[in-house]
Amino acid sequence: MNGATHRPLALMGALFIASITGRAEAFRLPTNFNQSAAVGGGGGRFFTGSPVDRYTCKVCHVSVASPQIQLMGLPFAGYTPGQTYSFLIDWDDTWPSVAYDIEMTDGAGHALGTFSLPPDSELAPGELCGPKAAATILPGPERTLAFLTECGAHQTTILWTAPAATQDASGRLTAPEAWFSGSLLVSDKDGSVAGDAVMDLSHVFGPLGETPPVATRIDGGCSVSVAAPRFGHWLASVSYLLVGACLLRRGRRRTSS
Amino acid sequence: MWKSRKPARSCCVLSAALLLGVVSNIAMGCQSETAADQTPSADMDTFREEAYPVLMRDCGFNACHGVQERFLIIFGPNRARIDPATHHDTPVLPLEMEVTHARARSMLVTSGPVTSSLLLTKPLEKNAGGVGHGGVDDFNRNVYQSVDEPGYVALLKWAQIALAQPGAAPVSASP
């Protein structure tokens, strides 16, 4: 068959896909956030809740629950300027539809460092939408932003390259505080803003060797883990289990006596 | 007694209403003709181009001015719709634009300069001349930190044009 025969079929297929996805959510594509608000876009607002963006998905979506997610790999204990960190956002595989926007800024809302994606070949199947990475990075230096639009992914891996240290007037090397902000939406896919679950997350951390910032806030049941080798997590889990078992045994002893 | 008087009374009320309607239509017709002659829809054009995108971006959310409970309500795509059956992606409908415009215009009523109107003082940080506003962000900041912010400037530009129109002088709140 030639290309002309394929064209009507392709068009029909596209229309079919458009018709079944038509009831989907307002911000289906990353480009929707940069569209003028007058035509239904975000007008440059990405709803990350960062100091520059200020609002999260909760400003429209009525959250009926606070979902739990795993966030691993960001250097919340302190970052090394210029270093690249790989971090994972993971959620319950049974959730049918998840989207998020995350952003890294300094305290004044300026873009901080850069986000990038690992090569597609290095991603787990749950991090893909078709053959491509499910997450998208906003190009350009104005914002350090990553999004996930709803496509059935179960986790994403993002790389954050911290900014290089700069020299202040006294010749000392300094690096700004990093403000990690985001909002994750678990949609019930009914095309409305009701009945969804939204989790906002924010965490402030400084460069290594500096006093940790006070303004640290984690909302909505976000489970945050500091960057650590896998063995560390395993050891921590075993420790929690042992402590739990001891407490349970102690409780039983008290009951029996 | 009452039963026999009721039709006559209804007739009087109906006649009065019709008369009032005719008179007000004539008055409105004359007024709109005059306004159209002098500044053809500059108010609405500026609103559509300058103020509406800003209101949609900064105010028209479900948790803010995208709900019927608020006097200032902003209708449009991916925000509140007048008819809930309208698809959320459908471009703003003429009626939605008119109602949003009318509500925003009502917020310009003031006894002083337009900068003291609710539309321009509510979203402005107090230390920049604003008044209290429930719509602060997670950082406890009002919508606009200063009068130099582009969003505020756009609203002010429209407000000045809206109030410069014939018959659009601000209604005095003071006796």
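Student: What pattern does chain B follow along the sequence?
Tutor: Chain B reads α-α-α-α-α. This is a predicted model.

Student: How many helices and strands is that?
Tutor: The secondary structure of chain B comes to five helices and zero strands.

Student: What share of chain B is buried?
Tutor: Of its 175 residues, 26% are buried.

Student: And the contacts in chain B, how many join residues at least 24 apart?
Tutor: Counting contacts between residues at least 6 apart in sequence, 45% join residues at least 24 apart.

Student: Let's take helix α5 of chain B. How many residues does it have, and how far does it reach?
Tutor: Helix α5 of chain B covers residues 150-164, which is 15 residues. From first C-alpha to last it reaches 21 Å, close to the 21 Å expected at 1.5 Å a residue.

Student: Which residues of α5(B) are buried?
Tutor: They are B:Y152, B:A154, B:L155, B:W158, B:A159 and B:A162. These residues cover an arc of only 160° around the axis, so they sit on the same side of α5(B).

Student: Why would residues a few places apart point the same way?
Tutor: An α-helix has 3.6 residues a turn, so residues three or four places apart point the same way.

Student: What do the buried residues of α5(B) pack against?
Tutor: Three helices of chain B: α2 (42-58), α3 (94-106) and α4 (118-121).

Student: Which residues have the most contacts inside the largest nonpolar core?
Tutor: That core has 75 residues, and the ones with the most contacts inside it are A:V98, A:Y100, A:L148, B:A51, B:L55 and B:L155. B:L155 is also one of the buried residues of α5(B).

Student: What does A:Y100 touch?
Tutor: Leaving out residues up to four places away in sequence, A:Y100 touches A:I89, A:F147, A:L148, A:G182, A:S183, A:L184 and A:L185.

Student: New topic: where is A:E103?
Tutor: A:E103 lies in strand β3 of chain A, residues 98-105.

Student: Which residues does A:E103 touch?
Tutor: Not counting residues up to four places away in sequence, its contacts include A:D53, A:R143 and A:G182.

Student: And how far is A:E103 from A:N34?
Tutor: The two are 69 residues apart in sequence and 15 Å apart in space, C-alpha to C-alpha.

Student: Last one: how many residues does each chain bring to the contact?
Tutor: Chain A gives 17 residues and chain B gives 17 residues. On the side of chain A that touches chain B, ten are nonpolar, four polar and three charged.

Conventions: Residues are numbered from 1 along each chain as its sequence is written. Chains are lettered from A and ligands numbered from 1 in the order in which they are written. This is a predicted model: local features need pLDDT of at least 70, side-chain atom pairs count only at pLDDT 80 or more; totals for chains, interfaces and linings use all residues. Two residues are in contact if their C-beta atoms, placed from the backbone, lie within 7 Å. Ala, Val, Leu, Ile, Met, Phe, Trp, Tyr, Cys and Pro count as nonpolar, Asp, Glu, Lys and Arg as charged, and the others, Gly among them, as polar. Helices (H or I, at least four residues) and strands (E, at least two) are DSSP runs, numbered from the N terminus. A residue is buried if 20 or more other C-beta atoms lie within 10 Å of its own, exposed if 12 or fewer, and partly exposed in between; C-beta atoms are placed from the backbone. The expected span of a helix is 1.5 Å times one less than its number of residues. The arc is that of the directions from the helix axis to the C-beta atoms. A nonpolar core is a set of buried Ala, Val, Leu, Ile, Met, Phe, Trp, Tyr and Cys residues joined through C-beta atoms within 7 Å.
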